[in-house]
Amino acid sequence: GDDNSGRKVITFSCCRMPPSHQLNHTRLMEYLKYTLDQYVENDYTVVYFHYGLKSLNKPSLKWLQTAYKEFDRNCSYSILPPLVFNSLLTISFSFPRYKKNLKALYVVHPTNFIKILWNIFKPLISHKFGKKITYLNCLSDLGEHLKYDQLNIPQEVIRHDENLRRKQKGKLPPVVKVPPPRPPLPTQQFGVSLQYIKDKNKGKLIPPVMKETVSYLKSKGLQVEGLFRRSANIQTIKDVQKLYNQGKSVNFDDYHDIHIPAVILKTFLRELPQPLLTFDCYNHILGITSVESCLRVTRCKQIIEGLPEHNYAVLKYLICFLHMVSQESIYNRMTASSLACVFGLNLIWPSKGTASLSALVPLNLFTELLIDFYVNIFNSRTVPGE
C-alpha cells in the first residue's frame with residue numbers, strides 16, 4: 001500500500017514470526033534485506049505491528065548480534081543497540097542505507113517495555129531519526145496516516161485491537177453511518193476516470209493535470225537528481241489537488257519545489273479508479289518474466305496494443321516523458337530501472353487487494369521495458385492529434 005504522501009509502505013508483523021527453534025534465521029535475514037533493498041532508494045514508510053512478539057518467537061541475542069553486524073557491514077558507525085524493539089526491524093533502520101529515505105516508522109500496539117527501552121536509548125539516537133517514529137495504540141490511529149485497509153493486517157492483530165478497545169471503553173463505539181459520496185465536480189481531476197476528465201475537457205485525451213506537470217518537469221526538472229524519488233509536503237499536495245479539482249490555475253513556480261509537480265503526477269495516476277494499464281492487463285503483465293528475454297519487448301508491445309485508445313494515448317504520453325527522464329540519468333540518476341520502481345505500482349495493480357511481493361518483479365520489469373524501449377514499443381499505433 002501507500003501512505004498519505006504516496007510513499008510505499010512495508011509492514012512487519014511479529015505475530016507471524018514462528019517459534020525461534022523452527023525459524024531459519026539466515027533465510028529471514030535474506031528476506032528482510034531483499035524486501036528493504038527494493039524500497040530504500042526511494043522514500044518509504046514502515047508499519048511495525050508489535051503484537052505477538054513473545055519469548056517463544058523472540059530472536060535470540062546471538063542472532064540479533066549477527067544481524068546487527070550484517071546490516072552494519074558497509075557502515076562506518078552504529079547508532080542503536082541491537083535489542084531495541086527486540087526486533088531486526090529497528091536495527092535495519094539504524095544505519096545510513098536503510099534510514100536515509102525512511103520517512104516514517106509507525107509502531108502499532110507498543111508495550112510499555114518498548115517505550116522504556118526507547119527512552120533509555122533515545123540520547124544515542126539522532127534527533128532527526130527519532131522524529132520519524134510514532135507510537136499508535138490502535139488501528140484507527142494508523143488510519144490518520146495511511147489507508148490501512150490496503151495492508152494485509154493479520155487477523156490476530158485485528159482481534160487484539162478490538163479487545164483493547166473493549167477494555168478501554170467497555171464496548172465498541174456505535175457504527176456511524178457514512179453519508180453517500182458527493183458527485184465529482186465538473187472540473188475534477190483526481191479520483192475520477194479518464195473518460196470523465198475527457199468528457200469535461202472538450203474531448204482532449206491528455207488530462208490537464210498530467211499535461212501541466214509533465215510540461216513543467218520537462219522544462220525545469222529533467223536534470224534534477226532524485227526526481228520522483230522525493231516526497232513533498234502533504235498539505236501542499238492536498239492544496240494543489242484542491243486547486244486542480246476546482247478548475248483553478250496552478251503555478252508551480254510559486255512553490256519553489258520541483259518535487260511537488262512530480263508527486264502530483266504520481267498521485268494522479270495512483271488515484272485513478274482503474275489503473276492506466278487496466279485490470280485486464282494485470283495477469284498478462286505478470287507473465288512477462290516467463291517470456292524469453294529476446295521476445296519480451298515484442299510481448300510488451302502486444303499487451304499495450306490491446307489497451308483502449310484513451311489509455312494507450314495517455315500511457316504513450318507518459319512513457320515518452322519518462323524515457324526523456326531516463327536519458328538524463330547521468331544527471332538525475334533516474335535510470336529506466338529506477339523509474340520503474342517508482343511508477344510500476346502507479347500504472348498497474350490488482351483489482352482486489354494489493355500486489356504481492358512476488359508480483360513486484362514482473363510489474364517493475366514490464367515498466368522498465370516500456371521506458372527503455374519506448375521507440376520500439378509505441379511506433380506502430382498512432383494517437384489522435386499526434
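Q: Let's start with Asp 161. Is Asp 161 buried or exposed?
A: Asp 161 counts as buried, at 3% relative accessibility. Keep in mind that this is a predicted model.

Q: Which residue does Asp 161 form a salt bridge with?
A: The partner is Arg 165. Their closest N and O atoms are 3.5 Å apart.

Q: And where do Asp 161 and Arg 165 sit?
A: Both are in helix α8, which covers residues 155–169. They are four residues apart there, so about one helical turn separates them.

Q: Is Arg 165 buried or exposed, or in between?
A: Arg 165 is partly exposed, with 26% relative accessibility. Asp 161, at 3%, counts as buried.

Q: How many salt bridges are there in the whole structure?
A: A search of the whole structure finds three.

Q: OK, next one. What does Lys 220 pair with?
A: Lys 220 forms a salt bridge with Asp 253. The closest N and O atoms are 2.7 Å apart.

Q: Which parts does that pair tie together?
A: Lys 220 lies in helix α10, residues 208–220. Asp 253 lies in the loop between α11 (234–245) and α12 (259–270). So the pair ties together parts that are 33 residues apart in sequence.

Q: How exposed are Lys 220 and Asp 253?
A: Lys 220 is partly exposed, with a relative accessible area of 44%. Asp 253 is partly exposed too, at 34%.

Q: And which residue meets Glu 225 in a salt bridge?
A: That is Arg 333. The N to O distance is 3.4 Å.

Q: Where are Glu 225 and Arg 333 in the chain?
A: Glu 225 is in the loop between α10 and α11. Arg 333 is in the loop between α16 (329–332) and α17 (336–347). So this pair links parts that are 108 residues apart in sequence.

Q: Are Glu 225 and Arg 333 buried or exposed?
A: Glu 225 is exposed, with a relative accessible area of 53%. Arg 333 is exposed as well, also with 53%.

Q: New topic: confidence. What pLDDT does the chain average?
A: The average is 81, and 74% of the residues score at least 70.

Q: Which elements have the lowest and highest mean pLDDT?
A: Helix α3, residues 88–92, has the lowest, at 44. Helix α10 has the highest, at 97.

Q: Where does the pLDDT go below 50?
A: Over residues 71–94. Beyond near neighbours in sequence, that stretch has 76 contacts in the model.

Note on methods. Residues numbered from 1 in each chain as written. Predicted model: local features only at pLDDT ≥ 70, side-chain atom pairs only at ≥ 80, totals over all residues. Heavy atoms only, no water. Salt bridge = Lys/Arg side-chain N within 4 Å of Asp/Glu carboxyl O. Helix = DSSP H or I, 4+ residues; strand = E, 2+ residues; numbered from the N terminus. Buried < 20%, exposed > 50% of the residue type's maximum accessible area, 1.4 Å probe, protein only. pLDDT = per-residue confidence, 0-100. Contact = heavy atoms within 4.5 Å.
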